[in-house]
Amino acid sequence: MRRFSLYSSFFAIMACFLLEGCVHLKSTQLSGLSALLSEKEDPLLPYEWQIQWGEYQKNVYAVDLNPVYVFGNVFGDGVTLENMRIREAEGLGKFNHLWQFIERGEHIMAYESGVLRATFNCGGWRMVSREPVVRLEQNCTELKGHLAVNSIELDAAGNVSKLVYSLFEGRPSLILSKLQL
């Protein structure tokens with residue numbers, strides 16, 4: 001059974017608008033969409049991004065669904081971030097599992113297709129370099145001892161240009177990189 005997710009909602013809405021077939025929006029839906037489209041430009045949104053998991057790479061687009069960002073494409077790849085923390089990832093080629101990361105107090109519970117795979121304790125973000133790019137890192141220690149290191153890179157203008165998330169021991173990191181347009 002497949003769960004309805006934020007990024008599938010995004011693509012359904014975008015398909016409706018692109019095909020000009022959505023004319024039955026409730027006024028609250030239309031108000032929300034109008035507000036979303038009329039807000040100031042966000043540094044994550046006007047760019048195309050690349051998602052990478054091991055050898056798999058595809059381009060994705062970002063959507064701000066305050067308080068979360070959803071990165072997705074027509075291939076079913078999607079990543080949901082909240083406050084730069086990964087909440088869900090799905091698709092990613094043949095892997096095609098749903099990963100969920102749920103906070104429970106001090107712990108982050110990592111689920112793969114509904115099965116608990118790991119429990120992490122994550123520290124705060126700390127700056128590890130300033131030149132040539134600003135790089136922030138976060139250490140997450142899995143209760144079995146595995147250390148996962150997440151990172152954020154900022155470009156010269158201070159905008160996020162790359163996000164790296166270590167998900168499970170022995171698996172590749174999930175990487176979101178802003179493409180230069």
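Leaving aside residues up to four places away in sequence, Arg-117 touches Ala-110, Tyr-111, Glu-112 and Phe-168, where a contact means heavy atoms within 4.5 Å. This is a predicted model, in which local features need pLDDT of at least 70, side-chain atom pairs count only at pLDDT 80 or more, and totals for chains, interfaces and linings use all residues. Residues are numbered from 1 along each chain as its sequence is written, and side-chain values use heavy atoms, with hydrogens and water left out.

Arg-117 sits in strand S8 (residues 115-122); strands are DSSP runs of E with at least two residues, numbered from the N terminus. Its relative accessible area of 46% makes Arg-117 partly exposed (buried is under 20%, exposed over 50%, partly exposed in between, with a 1.4 Å probe and protein chains only).

Glu-112, one of the residues that Arg-117 touches, is buried at 6% relative accessibility. A salt bridge here puts a side-chain nitrogen of Lys or Arg within 4 Å of a carboxyl oxygen of Asp or Glu, and the count comes to eight. Here are some of them:

| Pair | N to O distance |
|---|---|
| Glu-82 and Arg-87 | 3.2 Å |
| Arg-87 and Glu-103 | 2.7 Å |
| Glu-112 and Arg-171 | 3.0 Å |

Glu-112 lies in strand S7 (residues 107-112) and Arg-171 in the loop between strands S12 (160-165) and S13 (174-178), so this pair ties together parts 59 residues apart in sequence. Shared partners also join Glu-82, Arg-85, Arg-87 and Glu-103 into one salt-bridge network.

Technical notes
Helix = DSSP H or I, 4+ residues; strand = E, 2+ residues; numbered from the N terminus.
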